[in-house]
Amino acid sequence: MIKTVGLRKSFGHNEVLHGIDATINPHEVVVVVGPSGSGKSTFLRCLNLLEKPTAGEIYFDGQLITAPGVNVNEIRREMGMVFQSFNLFPHLTVLDNIALAPKIVRHVSKDEAEETARDLLRKVGIADKESAYPQELSGGQQQRVAIARALAMKPMAMLFDEPTSALDPEMIGEVLDVMKALAVEGMTMVVVSHEMGFAREVADRVLFMDAGLIVEEGPPAQVLGDPKNPRTKAFLGKVL
Amino acid sequence: MALDFSIIPGIMPALLAGAKMTIELAVISVAIGFVIGSLVGIARVSQNRALRVIAGIYVDFIRGTPLLVQLFLVYFGLPTLIGRPVPPFIAAISAMGINSGAYVAEIVRAGIQSIDRGQTEAARSLGLTSSQTMQYIIFPQAFRRIIPPLGNEFIAMLKDSSLVSVIALEDLLRKGQVVITRTFRPFEVYTVVALIYLVMTFVISKLVSWSERKLKAVGQID
């Protein structure tokens, strides 16, 4: 579904991705772990071209999306993105946050968009909050709305950029539960996270990144349970 | 000569007519300024370099030259170019509207830049184009933040509109001057004129803070 070949990204003279080759298969849940500054968020943000890669190729659903002339808006609507800081639209109600993009990007009717939005709110467990504004919700609720907002576009894949890092500990579980349910339904997911429990339980594959490279990858039991690379070992020794 | 405020009732109708003209001028000018300023303000943060440069030149030119000179350019200068006179009212709202546009543009630019980058990223990652993002996400949020400075701009325009008295437009100040030629009471008349300006600006500043609170109540992070 998503494939990167020799993906590089520099900010000024500072190269943060030194050539990433990764493949994410349909219906696969891939969790990207690694120390902060290892480039994992940049890698994720390159996948939907929020960051423009400096070199290398990204294929999405068979299409080379780093080619010149590709309509990035058409690509992005097929890839939902969830941010660490939620980034809900503060001037819109919860329902409008979710229904806006389907209406103006997919030209879905208002009624249909709102019906879908309500279904999604039920799914993420906050059906009673549709007319609230984001700032009236807890962090966990806001992040669940953000997931619903991304799902409303009926994307082919979902990208999560440290979705629980800004949450109070007691709210992390409710967000991870929604993500687990999504994984069970077969959504293709790329998750940058420090939640080792989630990785172990839900991931089909774990990518360990360090200093702008994928150092080790494989099933969670192997990468997290029996790491081969010394840098993976050192990192896991600190976080586990 | 002793002060004589007994003339006030007799001069009020004329002064209030002038005040009405002053308000009209300010409202229309700021409305024009808002349209120009929104477009130019958005152009100032555009990804298109040419747009940014042109918008920047406009803002610098207008803010770097006196409004009175701009007014003379339109009222006295433009007719020689187009071969027919420009009516005073049209000249006034054109010059003031174009002037206000530059100041509003800076207000709009600052408002847009104050919106968190995550808002743009969230909108773009949902597949919105950059202009849809501006229209549905960024501008509505920026608008709430620019209401107070916009109110200040309106107050400034209301006061600066007194400059149009020099092109014989019957605004509040001009009416005052006319009344003085009849009553020979400049101190009393200018005092009343000043007080009328004060009442107008005071009411507007109250309206602005009221609308600010109102908009804050309707879902707004700050």
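Modeller: A crossing of two helices is called right-handed if the near helix is turned clockwise from the far one by less than a right angle, and left-handed if anticlockwise. In this predicted model, α4(B) passes α6(B) in a right-handed crossing. Helix α4 of chain B covers residues 88-113 and helix α6 of chain B covers residues 130-160. Their axes come within 8 Å and cross at roughly 130°. The helices α4(B) and α6(B) are therefore oblique to each other.

The residues that meet can be named for each helix. From α4(B) they include B:Met96, B:Tyr103, B:Val104 and B:Ile107, while α6(B) contributes, among them, B:Met134, B:Phe139, B:Leu150 and B:Glu153. By class, the contact of α4(B) with α6(B) has 14 nonpolar, three polar and one charged residues.

We may now turn to the contact between the chains. The size of an interface is often given as the accessible area lost when the parts come together. Between chain B and chain A, about 2000 Å² is buried, and carbon and sulfur atoms give 62% of that area. In chain B, the residues that lose the most area to chain A are B:Glu121, B:Ser125 and B:Leu126, together 29% of what that side buries. The contact takes 23 residues from chain B and 24 residues from chain A.

One salt bridge is counted between the two chains. B:Glu121 forms a salt bridge with A:Arg45, in which the closest N and O atoms are 2.7 Å apart.

Key: Residues are numbered from 1 along each chain as its sequence is written. Chains are lettered from A and ligands numbered from 1 in the order in which they are written. This is a predicted model: local features need pLDDT of at least 70, side-chain atom pairs count only at pLDDT 80 or more; totals for chains, interfaces and linings use all residues. Side-chain values use heavy atoms; hydrogens and water are left out. Axes are lines fitted to C-alpha atoms, for helices over the stretch in contact, and angles run from 0 to 180 degrees between N-to-C directions. Helices (H or I, at least four residues) and strands (E, at least two) are DSSP runs, numbered from the N terminus. Angles under 35 degrees count as roughly parallel, over 145 as roughly antiparallel, 65 to 115 as roughly perpendicular and the rest as oblique. Contact means heavy atoms within 4.5 Å. Ala, Val, Leu, Ile, Met, Phe, Trp, Tyr, Cys and Pro count as nonpolar, Asp, Glu, Lys and Arg as charged, and the others, Gly among them, as polar. Buried area is the accessible area (1.4 Å probe) that two parts lose on being put together, summed over both. A salt bridge is a side-chain nitrogen of Lys or Arg within 4 Å of a carboxyl oxygen of Asp or Glu.
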